[in-house]
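Here are a few exercises to work through with the model open beside you. Try each task yourself before you read its solution.

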Amino acid sequence: PDLQKRKKEMAERKARRTGAIQAMSILSHSGGAALIEPSGAINHGALLSLFQRFDTDRSGHIDKDELRKMLFVLNQGVRRAKLSRQDVEEELNTMLKDLDTDGDGQINFDELYVAVKSWSQDIAKDAPNGASPA
């Protein structure tokens with residue numbers, strides 16, 4: 001039972017990450033730039049532009065409230081059924097824990113960059129022929 005639960009949690013985390021990468025790619029394409037280059041490299045400028053879009057107070061960090069708004073935007077068009085408030089808070093806390101590697105309660109650009117790079121590499125490993133996720 002514990003192994004099945006862990007496998008399910010890992011699959012859900014991977015699906016969440018894949019959805020986030022796809023949504024960020026769509027947003028960056030609408031801004032005129034590819035988030036992930038054909039080579040698989042992260043487009044620094046495109047990711048910075050997305051980061052700045054969600055860093056609404058221009059603090060250089062995405063705090064929990066800004067992350068909540070970011071998740072709402074990223075989940076539009078990618079999300080299946082409407083999430084309950086509790087589901088949103090659980091996803092928010094999971095994402096914050098996943099991204100906030102220095103434990104300060106907010107996400108800086110470097111943390112987002114490292115996460116997106118890692119996630120896109122994981123997705124590419126599972127894609128046919130190692131294709132780029134975007």
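**Exercise 1.** Leaving aside its neighbours within four places in sequence, which residues is Ser28 in contact with?

*Solution.* First, a word on the model: it is predicted, so local features need pLDDT of at least 70 and side-chain atom pairs count only at pLDDT 80 or more, while totals for chains, interfaces and linings use all residues. Residues are numbered from 1 along each chain as its sequence is written, and side-chain values use heavy atoms, with hydrogens and water left out.

Step 1: Ser28 lies in helix α1; helices (H or I, at least four residues) and strands (E, at least two) are DSSP runs, numbered from the N terminus.

Step 2: list the contacts, meaning heavy atoms within 4.5 Å. Ser28 meets Ala33, Ala34, Leu35, Ala46 and Leu50.

Step 3: Ser28 counts as buried because its relative accessibility is 6%; buried means under 20% relative accessible area, exposed over 50%, and partly exposed in between (1.4 Å probe, protein chains only).

Step 4: look at the polar atoms. A polar atom of the Ser28 side chain is 3.0 Å from the backbone oxygen of Ser25, and one is 3.1 Å from the backbone nitrogen of Leu35.

**Exercise 2.** Which residues touch the most other members of the largest nonpolar core?

*Solution.* Step 1: a nonpolar core is a set of buried Ala, Val, Leu, Ile, Met, Phe, Trp, Tyr and Cys residues joined through side-chain atoms within 4.5 Å. Among the 28 residues of the largest one, the answer is Met24 and Leu67.

Step 1: α1, α2, α3, α4 and α5 each give two or more residues to this core, and α5 supplies the largest share, 6 residues.

Step 2: not counting residues up to four places away in sequence, Leu67 touches Ile62, Leu92, Met95, Leu96, Leu99 and Ile107.

Conventions: A polar contact is a pair of N or O atoms within 3.5 Å; within protein, one must be able to donate a hydrogen and the other to accept it, and residues adjacent in sequence count only if both atoms are side-chain atoms.
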